[in-house]
Amino acid sequence: MPLVQVTGATVRFQSDTALDAVDFRMFAGEVHSLMGENGAGKSTLIKALTGALPLDAGVISIAGKGVQFATPRDAQRAGISTVYQ
Ligand SMILES: Nc1ncnc2c1ncn2[C@@H]1O[C@H](COP(=O)(O)OP(=O)(O)O)[C@@H](O)[C@H]1O
Ligand SMILES: [Mg+2]
């Protein structure tokens with residue numbers, strides 16, 4: 001079972017769709033690199049995964065359980081945090 005699973009993640013800023021039904025999964029012990037040109041939506045995906053931005057659609061699951069993070073602190077309690085550059 002994936003440790004982190006994102007299904008159909010969608011985030012819109014007015015008419016701009018920053019994330020369009022993004023799927024992503026991660027198993028324990030894996031290291032992933034997220035790559036894309038400027039504006040591709042990398043930061044938006046990380047912000048949504050860490051409770052800094054709400055999803056307009058989609059589901060985040062941790063160890064098979066659906067979660068909704070209202071704040072980064074909520075995400076930290078579930079073991080997810082961001083180290084910003
Ligand atoms: N707070 C915001 N308000 C409006 N548009 C935003 C905001 N944050 C990001 N965007 C837009 O969402 C898209 C994805 O941006 P972003 O996730 O920052 O890309 P990346 O990190 O891959 O460079 C871009 O079109 C960007 O302009
Ligand atoms: Mg960025």
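Begin by selecting ligand 1 and the residues around it: Phe13, Asp16, Ala18, Glu37, Asn38, Gly39, Ala40, Gly41, Lys42, Ser43 and Thr44 form its surroundings. Please bear in mind throughout that the model is predicted.

**The shell around ligand 1**

With these residues displayed, colour them by class: three are nonpolar, five polar and three charged. Next, show the distances to the oxygen atoms of the ligand. For alanine 40, a backbone N or O atom lies 3.2 Å from an oxygen atom of ligand 1. For serine 43, the polar atom belongs to the side chain, and the separation from a ligand oxygen is 2.9 Å. For threonine 44, an N or O atom of the side chain is 2.6 Å from an oxygen atom of ligand 1. A surface calculation gives ligand 1 an exposed area of 560 Å² when taken alone, of which the protein buries 60%. Two or more residues of the shell come from each of β2 (16–26) and α1. The largest share, three residues, belongs to α1.

In soluble globular proteins, nonpolar side chains tend to be buried together.

Centre the view on phenylalanine 69. Apart from neighbours within four places in sequence, phenylalanine 69 is in contact with Leu49, Gly51, Ile62, Asp74, Ala75, Ala78 and Ile80.

**Threonine 10 in β1**

Move to strand β1 (residues 4–13) and select threonine 10, which is found there. Is threonine 10 buried or exposed? Its relative accessibility is 7%, and threonine 10 therefore counts as buried, the limit being under 20%. Beyond neighbours within four places in sequence, the contacts of threonine 10 are Leu19, Asp20, Ala21, Leu55, Asp56 and Ala57.

Alanine 52 counts as partly exposed because its relative accessibility is 39%, a value between the 20% and 50% limits. Setting aside residues up to four places away in sequence, alanine 52 touches Lys47 and Pro72.

Definitions and conventions: Residues are numbered from 1 along each chain as its sequence is written. Chains are lettered from A and ligands numbered from 1 in the order in which they are written. This is a predicted model: local features need pLDDT of at least 70, side-chain atom pairs count only at pLDDT 80 or more; totals for chains, interfaces and linings use all residues. Side-chain values use heavy atoms; hydrogens and water are left out. Buried means under 20% relative accessible area, exposed over 50%, partly exposed in between (1.4 Å probe, protein chains only). Contact means heavy atoms within 4.5 Å. A residue is near a molecule or strand if one of its heavy atoms lies within 4 Å of it. A polar contact is a pair of N or O atoms within 3.5 Å; within protein, one must be able to donate a hydrogen and the other to accept it, and residues adjacent in sequence count only if both atoms are side-chain atoms. Accessible areas come from the Shrake-Rupley method with a 1.4 Å probe; for residues, only the protein chains shown count as cover. Helices (H or I, at least four residues) and strands (E, at least two) are DSSP runs, numbered from the N terminus. Ala, Val, Leu, Ile, Met, Phe, Trp, Tyr, Cys and Pro count as nonpolar, Asp, Glu, Lys and Arg as charged, and the others, Gly among them, as polar.
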